[in-house]
Amino acid sequence: MAERADTDVAGLGRATASTFVLPALLLIAAFLVFPALWLLWIGLTDLTVSGRTSVDVSFIGLGNYTRAIDDPLFGNSLLITLLYVLISAVIGQNGLGFALAWTLRTAARWIRTVVESVVLLAWILPSSVVAVLWIAMLDRDQGTVNRLLDSPGYAWLIHYPLPVLIVFNIWRGTAFSMLLYSAAASTVPPSQLESARLAGASGPQTLRDVVFPHLRGHILTNTLLISLWTFNDFTPYLLTRGEPNHRSETLPIFLYRQGIDIGALGYGAAASVLMLAINLVLALFYLRLLRRRAS
């Protein structure tokens with residue numbers, strides 16, 4: 001019995017099996033656990049990039065966390081980030097991605113190839129390249145948009161910074177949702193679609209009663225992924241840098257400004273931990289919905 005207790009399923013023994021696992025555990029500790037613990041520690045201090053507190057670091061406990069919670073700029077960034085995620089990812093990318101996938105399902109092959117290629121191109125281009133293209137397109141003097149609308153001198157990134165970011169994120173991120181829903185649509189039984197058609201069901205009724213029940217798990221999974229990606233997206237900094245007057249300052253931009261531009265590493269680390277906690281809450285919410293769906 002003692003010999004069996006020291007032997008794993010593969011028959012290697014616990015000591016040998018642990019030797020194989022040890023390198024992976026060391027990598028996880030070096031690149032995940034240690035940075036996380038270091039971030040937690042920095043968030044409890046007044047560490048800065050320069051000045052006295054860059055050398056003479058003091059432990060201030062939860063001071064940075066209470067400061068962040070009371071900081072109107074942090075609250076403003078959180079609100080902007082939630083709106084950015086809700087409108088551009090949960091509604092925009094989800095809705096447009098599904099609409100494209102469901103429409104292209106019965107489209108001609110050449111139409112499907114062209115549309116998928118254009119949508120994928122927006123997704124695979126580097127963020128820096130895409131940002132330069134959009135800045136050029138929205139330029140107030142020589143921009144394509146102002147030329148088409150015959151509105152020279154109109155500064156879209158100044159007058160409507162957040163709507164521009166929302167449209168940009170929908171345009172750029174729809175490809176993932178489209179691909180996921182294209183694969184998921186094949187799981188809908190054709191016989192049920194034909195039965196709904198013969199019963200006289202309209203398009204919205206067919207989607208509600210036949211299609212969505214089969215895709216509910218895929219919808220939740222897709223929403224979880226694109227929500228977390230959008231929540232942590234730093235690309236808006238390349239377009240607006242959070243301006244004007246913090247009107248497009250999402251949480252990643254706020255953290256970058258506090259930790260890098262201003263140099264308040266302790267405060268930035270504490271705000272990062274709060275952002276991580278919000279991510280965990282969002283992830284747990286979606287996972288709970290997935291468990292309900294599975295049960």
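Select Arg-197 and Glu-194: their side chains meet in a salt bridge, 2.4 Å from N to O. A salt bridge here is a side-chain nitrogen of Lys or Arg within 4 Å of a carboxyl oxygen of Asp or Glu. This is a predicted model, where local features need pLDDT of at least 70, side-chain atom pairs count only at pLDDT 80 or more, and totals for chains, interfaces and linings use all residues. Residues are numbered from 1 along each chain as its sequence is written, and side-chain values use heavy atoms, with hydrogens and water left out.

**Stop 1: helix α10**

Now show residues 190-198, helix α10. Helices are DSSP runs of H or I, at least four residues, and strands are runs of E, at least two, numbered from the N terminus. Arg-197 and Glu-194 are 3 residues apart in this helix, so about one helical turn separates them. Are they buried or exposed? Arg-197 is exposed at 52% relative accessibility. Glu-194 is partly exposed at 34%. The cut-offs: buried is under 20% relative accessible area, exposed is over 50%, and partly exposed is in between (1.4 Å probe, protein chains only).

**Stop 2**

Select Glu-243 and Arg-257. Their side chains form a salt bridge, 2.6 Å from N to O. Glu-243 sits in the loop between α12 (236-239) and α13 (251-261), and Arg-257 in helix α13, so the pair ties together parts 14 residues apart in sequence. Glu-243 is partly exposed at 34%, whereas Arg-257 is buried at 14%.

Shared partners join Glu-243, Glu-249 and Arg-257 into one network. Glu-249 is buried, as is Arg-257. In total, the structure holds 5 salt bridges.

**Stop 3: the largest pocket**

Select the lining, including Trp-123, Phe-168, Arg-172, Trp-229 and Asp-233. A pocket is found on a 1 Å grid over the protein atoms alone: an open set of points where a 1.4 Å probe fits, with protein on both sides within 12 Å along at least five of seven lines; lining residues have an atom within 4 Å of a point. The largest pocket holds about 210 Å³ of space, the volume filled by probe spheres set on the points. Which element gives the largest share of the lining? Helix α9 does, with 5 residues.

**Stop 4: the annotated span**

Finally, select residues 74-286. An unreviewed UniProt entry annotates them as "domain: ABC transmembrane type-1"; such annotations may be inferred rather than shown by experiment. The span is 79% helix and 0% strand, and its end C-alpha atoms lie 24 Å apart.
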